[in-house]
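These are my notebook entries on one structure. I set down in turn what I looked up and what I found.

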Number of protein chains: 6
Amino acid sequence: MPTSNLESYSTIAISIADEIAHIQLCRPQEMNSMITAFWTELPEAVRYIDEHALARVIVISSQGKHFSAGMDLSVFQNMSASFNGEPARRAEAFRRHVLKLQDAFNALEQVRMPVLVAVQGGVIGGAVDMISACDSRYCTQDAFFCIKETEIGMTADVGTLQRLPHLIAQGLVRELAYTGRNMMSQEAQSSGLVNHVYADQETMLRAVMKIAKTIAGHSPMAVAGCKEMINYTRDHNVADSLNYMATWQSGMLQMPDVMEAMSAGQQKRQPMFENLLPKTVD
Amino acid sequence: MPTSNLESYSTIAISIADEIAHIQLCRPQEMNSMITAFWTELPEAVRYIDEHALARVIVISSQGKHFSAGMDLSVFQNMSASFNGEPARRAEAFRRHVLKLQDAFNALEQVRMPVLVAVQGGVIGGAVDMISACDSRYCTQDAFFCIKETEIGMTADVGTLQRLPHLIAQGLVRELAYTGRNMMSQEAQSSGLVNHVYADQETMLRAVMKIAKTIAGHSPMAVAGCKEMINYTRDHNVADSLNYMATWQSGMLQMPDVMEAMSAGQQKRQPMFENLLPKTVD
Amino acid sequence: MPTSNLESYSTIAISIADEIAHIQLCRPQEMNSMITAFWTELPEAVRYIDEHALARVIVISSQGKHFSAGMDLSVFQNMSASFNGEPARRAEAFRRHVLKLQDAFNALEQVRMPVLVAVQGGVIGGAVDMISACDSRYCTQDAFFCIKETEIGMTADVGTLQRLPHLIAQGLVRELAYTGRNMMSQEAQSSGLVNHVYADQETMLRAVMKIAKTIAGHSPMAVAGCKEMINYTRDHNVADSLNYMATWQSGMLQMPDVMEAMSAGQQKRQPMFENLLPKTVD
Amino acid sequence: MPTSNLESYSTIAISIADEIAHIQLCRPQEMNSMITAFWTELPEAVRYIDEHALARVIVISSQGKHFSAGMDLSVFQNMSASFNGEPARRAEAFRRHVLKLQDAFNALEQVRMPVLVAVQGGVIGGAVDMISACDSRYCTQDAFFCIKETEIGMTADVGTLQRLPHLIAQGLVRELAYTGRNMMSQEAQSSGLVNHVYADQETMLRAVMKIAKTIAGHSPMAVAGCKEMINYTRDHNVADSLNYMATWQSGMLQMPDVMEAMSAGQQKRQPMFENLLPKTVD
Amino acid sequence: MPTSNLESYSTIAISIADEIAHIQLCRPQEMNSMITAFWTELPEAVRYIDEHALARVIVISSQGKHFSAGMDLSVFQNMSASFNGEPARRAEAFRRHVLKLQDAFNALEQVRMPVLVAVQGGVIGGAVDMISACDSRYCTQDAFFCIKETEIGMTADVGTLQRLPHLIAQGLVRELAYTGRNMMSQEAQSSGLVNHVYADQETMLRAVMKIAKTIAGHSPMAVAGCKEMINYTRDHNVADSLNYMATWQSGMLQMPDVMEAMSAGQQKRQPMFENLLPKTVD
Amino acid sequence: MPTSNLESYSTIAISIADEIAHIQLCRPQEMNSMITAFWTELPEAVRYIDEHALARVIVISSQGKHFSAGMDLSVFQNMSASFNGEPARRAEAFRRHVLKLQDAFNALEQVRMPVLVAVQGGVIGGAVDMISACDSRYCTQDAFFCIKETEIGMTADVGTLQRLPHLIAQGLVRELAYTGRNMMSQEAQSSGLVNHVYADQETMLRAVMKIAKTIAGHSPMAVAGCKEMINYTRDHNVADSLNYMATWQSGMLQMPDVMEAMSAGQQKRQPMFENLLPKTVD
């Protein structure tokens, strides 16, 4: 059974039910800081779910008081320790190291299903890079967001500066990045970073699961098409994006899902859509 | 007289006065659903107005309780009926069909004059694609917006997913597209989709016509230049857009309009600007 | 001493202290209108500060009741006077003239340090182009913003239409550009144009200087990296921007700043970072 | 019968046989100069052939000693005559006029079937713009090519400078454009502008028709896919082009054509492929 | 020892000596047709060599009379067999299948070291896609090249149409793609597809190995930088490419290699450069 | 008299006659190696000529047996000497240093008039970067070209790798860059790098001056438009380039030059065109 692979992780806990995969950061006592294992486990898990079409939505949350403290100190220490040897080759190796870290969060936007993230408490440093790569963000009243990297003498390099300017006002991104100040939940909502603020984590998870359930009830082809198009249009001009849409539809829009949706509507029942095909069937 | 062409449409009613063309969706009893004729009439009308320089602003509104229910069921039925024959050729034909539907709304952003749209009640499916291609949006308190396509098993393909991410926060676009939920007028305003919410349609139309009148009083060259530049900058980087601006000005900025504006200012009167040239004069 | 160059300007007054350069528009009696000298002095000053690494943040404000009335009438008159001679060569010269004016504000986004702008009263015409090129904007309650160019018969051509659509909702940009109406401080904040509204100029400057001080306390390499990346990502797709980030880090992320930040943290003291290198050391 | 529309043109003669449409410039006595009618007739004809899927290849040649002398003097005279009135509006109208002329040749690259052009004698001015928009070029020994526009005081503006740099070495394009000198057939071949040089027009047409026949014998879906992809890759980076290819294939690669090709191969007979669908069947 | 992984392949044989990895297609009796295993083994091998920095150049050649007959018939048969089930999901799966095939050749341009390919006899269908992704191409007199896909009713979809137009004249690419005709070695050289034509395979391999040896003698950092830049500039404009170059150099240009090269020059000996770092050292 | 500035250079000698500026590298005894002064003098000179519209064509050649040995050893030594201090700030400074060197050759493609370059003997290292930025290249039989940087342990970083792939076949660029081998004049011509090979320098200069004279006899507006468009189209897609062309013409195509050209043609005399306007007239 393919899901067995998903049970052996040390930094995340995964449960799948009703076409919804719930991934929880599970090191609350260490504030879910991102240790070396995390950077491998997270992308592996979301890609595994996608490849085997194990779910139609992914919800990410975390255990404990804070969503995540970001990069663990141990990663910086390793990085620091490896700063020796011929400097050009080290620079080349370091570039590839950053590309590999970035790739962990690229996975969140590359998988075919939406990824919703629900956060509480501190969302710090690398955690901001991470949630910026999710489809939609939700938070509790006590949540706060911090581009911590500036404060520790470096430029955030795993996605915050590349994705946040697509999510909230540029003038605000710059202030947050240059000052490293905390942004509170209210400002996160009014700026558009999060879609909704909830009283507490339990309320939040109930609401986000309800959103996930609505998504899971739709045709996964229709939803995957939306995700592909919104990703595409962020990175291309409108004319190219419209052309890509039409070309996509030439293969991806077929009648069975539309027929099922219409029948279900007439019969006042929930439609039943086939899953996406696993990628591993070659 | 060229305007005569504009009187024979079945899905839209057009009146032109004081340099403002008012296009109304005129099938209120069918919730202004977009039947086959609509997809030809709308682009033909706006392009005709542009080619003959018949107005300096276009205002779009609709009759009845709802702005528009989106694509009419009959269009889906035709589409479904044509799903037969050799599948590659059908796919190629379908791609061109989507491109043609998209082109109906491309007309709204390609014409030289601003297009303002004022909506009430339901703005559903194809209607969201349509208003996303307009310059600015205004609504009544009872308005709601819905990316309906997901619910009927398909990915919206005539512009919503290509243009809405340029208008409102990405996290919200994704939630709306994946869930197909209604967005109410208040959220439409706070998210930036509409510029203003009005108590009712009459109040709204009065206000929007006043905005239109202000625009119509300005030099149509200056206004057309603004539209061209804002369209261009959405699709190009800032350096290219600045260069395009300077190159555009080399031909388009001439002294007569500036002189007239300054004289009028000194004389405390309304300036009188020439119309754009019709495109048909070759 | 290199700063002496900065003392001879007629349209701006510059003071530098605590790594913060404060540039004030200093022609309050003429509403800080942008005369010919201004277009040379502003870019020269900010580039000089950057080249000699004289500060880590630049704050721009102005003296008097209004931030700036925009382009001075005399510039239009000169422009009008030069509209003669062979028209093709004049068009080519005019294109270069616009490019040169634009370049004055390009300087604000090209320098390595953040540029914060704090405005009160009228921010009109060319002043909107100017603040759009700054990193973050702050205003007083009595501030208002106006794309005046449309009203005087021309299309704004020194950056507003290229940068404002990256800062606030597109539907709003278009309304402001087509109508030339005033936008008040409250709308400027809710739309994301300004980060914060303050009761009066004194309060505003105190707050903005505090923000500037926080920025100046950080590693200038980290901050300059943030600015480069946010500029870059605005103009490139996410994949290119992530790759650029990783390549940048291969040279720019070194251990000394991180070490100093960590030591200071452990020792509960302010970290002390080296300045950027002046560009003039070849 | 739809082809009847194609028989009424004054500047081109069209014959269609064996899935090959042959378009001849038919004003040899005036050196096939491009009069006003030509700019409408050529795009109308090629688009009509495409829309009705009347052929699988288009071959363009001309009657008389020279392929074409380019823009007719009368068009310049009309243009000159219209240079009056308010200069900004005239500039805007002129921009649209150039876009419309360009569109005549855009048609050659937008139609779904390849367009081969076979030229003899002079290929001058606008004729170079025209052949640059064709898929492949062939010429006789006596052919010569000339970017004439520079010599008459203007910059070529209907496609030469946008397409020729994609066809031959940049250093050569620049010399030809700046000097306006003739390029002879041998240099046209060694530079890659033409695929082959033939002794005389009769030999050339026989050879080009043979190439056309080979193309017409292939699946028109496969050939149209090649054209779409080569056009696309010229204007996009390789990663985008590969992704577009895969998305295209999801609809356009189906089994019937492959099966027919394989069966025909085994049975040692010519395969028989269905035509593309006409675009007019909605 | 890491190289052991490279010894178990069924479709390619690999030997590494003197910093040169030689990969041979080793199914000569089946004309080195590309069976399913090939599409996994080739990218795995070249990426393994890159990750472990096992060589500084890769040379690809093949055993037998022909370089490769392209895609094996069995792959088409599998593909055909899987054409069933719900058509939208099948289309989505097929798109991902094409992306995966393409990725096999993307590996050739993504690895840090140059890939030279030396071909003889037939280079057919998928083999043209493959060699187009290599850095440089060399062939024997009896070599010929054929875009076979068109003849079997489909559009080439694993890279030929995306990369060949960057290698040879567009008019020729189109003729080759539309007709599927053979291009002989002489035309391959004059068109720039291959760098050199040799009398026979033995002569060719001797010459190509000599080129490889020269490359392997240079600093692998300098060579990898060249490859990265030429790839980058193909896909970006010149201004972006120059900026990327400068940013790259900030980390990658260090003094040790330059010093060693200069010392070696003065001492009239071969310079000795360190290898690139393996990617697996994290 | 503005030309006086041009007489004080130590690395180049400039003469202007008949609208042609001839710039000669004038340190033949040091093989015209590029010392620090050269990197300032060359761009300053070509920009000065452009700003004052002192010529309509620039021809670059050199004195002595070799065109140029490229970067002078002293520049490397300075660079090496400055490799100390905090490494991040040094990396940032070095990036700016490379950008500044690149800018010296950017000047060649940014000036409004064509730049022809005529080379003999060795064209080595930085000299290849330089000639790649010129409009057209011409050489003597004894000329050879060498991307020397690879051999001295670094990646060429002032333009070769960004511009050469636009000039000659990619497979050849890569071989030249990876091996650092010499390319002889014959291969330079057949690959399209140079437009023509001449027996010796005297013959070459006579021929190139004749080409320059032809260009100088044309309308400088027409020629400058060609240069702008060919530069632009290299960096943009065809649709954008056509639109830019049309927008450019709206200001830049006026009747006087066309009229003069036509009159001169009818009167069988040389046309007399006005110069471009100097940029310094503001």
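Before the first entry, I note that two strands pair if DSSP finds at least two bridges between them. I also note that this is a predicted model.

**Entry 1: a strand and its partners in chain D**

I began with strand β4 of chain D and looked up its pairing with strand β6 (residues 136–140) of chain D. β4(D) and β6(D) pair in the parallel sense over four bridges. Within this pairing, V119(D) has C139(D) of β6(D) as its bridge partner.

I then turned to strand β3 (residues 57–62) of chain D. β3(D) runs parallel to β4(D), and three bridges join the two strands. Here I58(D) stands opposite V115(D) of β4(D).

**Entry 2: buried or exposed?**

Are the residues that point to either side of β4(D) buried or exposed? I found that V115(D), V117(D) and V119(D) point one way, while L116(D) and A118(D) point the other way, and that all are buried. A residue counts as buried if 20 or more other C-beta atoms lie within 10 Å of its own.

**Entry 3: the domains of chain A**

I looked up the domain assignment of chain A, which gives domain 1 (2–216) and domain 2 (218–266). The C-alpha centres of these two domains of chain A lie 27 Å apart. Eight residues from domain 1 of chain A and seven residues from domain 2 of chain A take part in the contact. On the side of domain 1 of chain A that touches domain 2, I noted three nonpolar, one polar and four charged residues.

**Entry 4: where chain A meets chain B**

I next recorded that 38 residues of chain A are in contact with 35 residues of chain B. Which elements give two or more residues to the chain A side? They are β6 (136–140), α8 (201–217), α9 (220–235), α10 (238–252) and α11 (255–266) of chain A. α10(A) gives the largest share, nine residues. The chain A side divides into 18 nonpolar, 15 polar and five charged residues.

**Entry 5: chains A and C**

Finally, I compared two copies. A rotation of 120° with 0.0 Å of shift along its axis superposes chain C on chain A, with an RMSD of 0.0 Å. That is the relation of a three-fold axis. Of the residues of chain C, S190(C) comes closest to the rotation axis, its C-alpha lying at 4.6 Å. Only 3% of the interface residues of chain C are also interface residues in chain A, so the copies meet through different surfaces.

Conventions. Residues numbered from 1 in each chain as written. Chains lettered and ligands numbered in written order. Predicted model: local features only at pLDDT ≥ 70, side-chain atom pairs only at ≥ 80, totals over all residues. Least-squares fit on C-alpha atoms with pLDDT ≥ 70 in both. Contact = placed C-beta atoms within 7 Å. Domains from an automatic or database assignment. Nonpolar A, V, L, I, M, F, W, Y, C, P; charged D, E, K, R; others polar. Buried ≥ 20, exposed ≤ 12 C-beta atoms within 10 Å, placed from the backbone.
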